[in-house]
Amino acid sequence: MNASEKAANGWQGVLLDLDGTLLDTLPDLAASANQVRAALDMPLLDEQLIRTFVGKGADNLIKRTLAGSLEARETDPTLFEKARAVFFEHYRATNGDKALIYPGVLEGLQALKDLGIPMAVVTNKPYDFSVPLLERTNLMQFMQTVIGGDTCTRRKPDPEPILQACEQLNSRPTATLTIGDSINDALAAKAAGCGVVAVPYGYNEGNPVTDLPVDGIVESVFEAVVWLQNNRPDNRPNE
Ligand SMILES: O=C(O)COP(=O)(O)O
Ligand SMILES: [Mg+2]
């Protein structure tokens, strides 16, 4: 085992959530959600309410935006299609305008790169929004692959996108660490057999991150790398 493999502590890959973990995308998402409301002559929603709607992909965000509530009701298909067209057009034009990289992200990604650990983004954001956003924020250079919310048949909390990312990184799921901000990351990673840690600053559909079934809560992506160096996968000895 070389020095970098030793420092990686047995971990073969790291999967990163996008919205609420790498980037604060709420202002852009909320602006597009409110564009939908305005187009339909509905009163605008508070950004902090929209914050709770983020996590299960764009279509769910749109349904929740139409309902004005986390519990999206059945939406009239014609209304939904109109809302979706407005959202997609507006978000495509503004995606990343106000996005901010969270503290510790660049340091964490650089540390993982230095350890030689391959990285992927696994997000519920549609793929065609994710890659341009990662390129615009210069984070794409760290990623081997990106799995979007529409890349697989199912999205998080299903394990399918996590397993697909592991396969692409050639990383055994049990030796792969997922870093996320929500119940969707926690459940998907656990179902795939991965380790998972959560950051507390993101979007967890309005719930405290302390309730999540995760292996650890870390203050930042950089702190996740410290965690990884102190915790072996499945408590197995280094291979
Ligand atoms: O787009 C969403 O709803 C959430 O995206 P995420 O999986 O990157 O947090
Ligand atoms: Mg997230």
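Where is the place of Asp17? Asp17 sits in the loop between β1 and β2. Strands here are DSSP runs (E, at least two residues), helices likewise (H or I, at least four), both numbered from the N terminus.

**Ground rules.** This is a predicted model: local features need pLDDT of at least 70, side-chain atom pairs count only at pLDDT 80 or more, and totals for chains, interfaces and linings use all residues. Residues are numbered from 1 along each chain as its sequence is written, chains are lettered from A and ligands numbered from 1 in the order in which they are written, and side-chain values use heavy atoms, with hydrogens and water left out.

1. **Asp17.** Start with this residue. Asp17 counts as buried, because its relative accessibility is 6%. The cut-offs: buried is under 20% relative accessible area, exposed is over 50%, and partly exposed is in between (1.4 Å probe, protein chains only). The side chain of Asp17 makes a polar contact of 2.8 Å with the side chain of Thr21. A polar contact is a pair of N or O atoms within 3.5 Å; within protein, one must be able to donate a hydrogen and the other to accept it, and residues adjacent in sequence count only if both atoms are side-chain atoms.

2. Asp17 lies in the loop between β1 and β2 (23-24) and Asp181 in the loop between β6 (176-180) and α9 (183-192), so the pair ties together parts that are 164 residues apart in sequence. Both Asp17 and Asp181 are buried.

3. **Ligand 1.** Which residues are around ligand 1? They are Asp17, Leu18, Asp19, Gly55, Lys56, Gly57, Thr123, Asn124, Lys125 and Lys156. The criterion is a heavy atom within 4 Å. An oxygen atom of ligand 1 lies 2.8 Å from an N or O atom in the Asp17 side chain. Backbone contributes too: a polar backbone atom of Asp19 is 2.8 Å from a ligand 1 oxygen. For Asn124, a polar backbone atom is also 2.8 Å from an oxygen of ligand 1. Taken alone, ligand 1 exposes 280 Å², and the protein buries 94% of that. Areas come from the Shrake-Rupley method with a 1.4 Å probe; for residues, only the protein chains shown count as cover.

4. **Aromatic pairs.** How many aromatic pairs does the structure hold? There are six. Trp11 and Trp227 form a tilted one, 6.1 Å centre to centre with 50° between the planes. Trp11 is in the loop between α1 (3-7) and β1 (13-16), Trp227 in helix α10 (residues 221-230), and the two are 216 residues apart. Trp11 and Trp227 are both buried. The rings of Tyr102 and Tyr201 have centres 4.2 Å apart and planes at 40°, so this pair is tilted. Tyr102 belongs to the loop between β3 (100-101) and α6 (105-115), Tyr201 to the loop between β7 (195-198) and β8 (216-217), 99 residues apart. Tyr102 and Tyr201 are buried. Rings of Phe, Tyr and Trp (its six-membered ring) pair if their centres lie within 6.5 Å; planes under 30 degrees apart are stacked, over 60 edge-to-face, and the rest tilted.

5. **Ring cluster and charges.** Phe87, Phe88, Tyr91 and Phe129 are linked into a cluster by ring pairs. Arg84 lies over the face of Phe88, 4.4 Å from the ring centre. The charged end of Lys63 sits over the ring of Phe80, at 5.4 Å from its centre. The test is NZ of Lys or CZ of Arg within 6 Å of the ring centre and within 35 degrees of the ring normal.

6. **Backbone points to check.** Lys156 and Pro157 are joined by a cis peptide bond, with omega about 15°. Pro157 is in the loop between β5 (145-147) and α8 (160-169). Asn9 has a positive phi, near 60°. Asn9 lies in the loop between α1 and β1 and counts as buried at 7% relative accessibility. Glu205 also has a positive phi, near 50°. Glu205 is placed in the loop between β7 and β8 and is buried, with a relative accessible area of 8%.

7. **Asp128.** Is Asp128 buried or exposed? Asp128 is exposed, with a relative accessible area of 61%. Asp128 is in helix α7 (residues 127-136).
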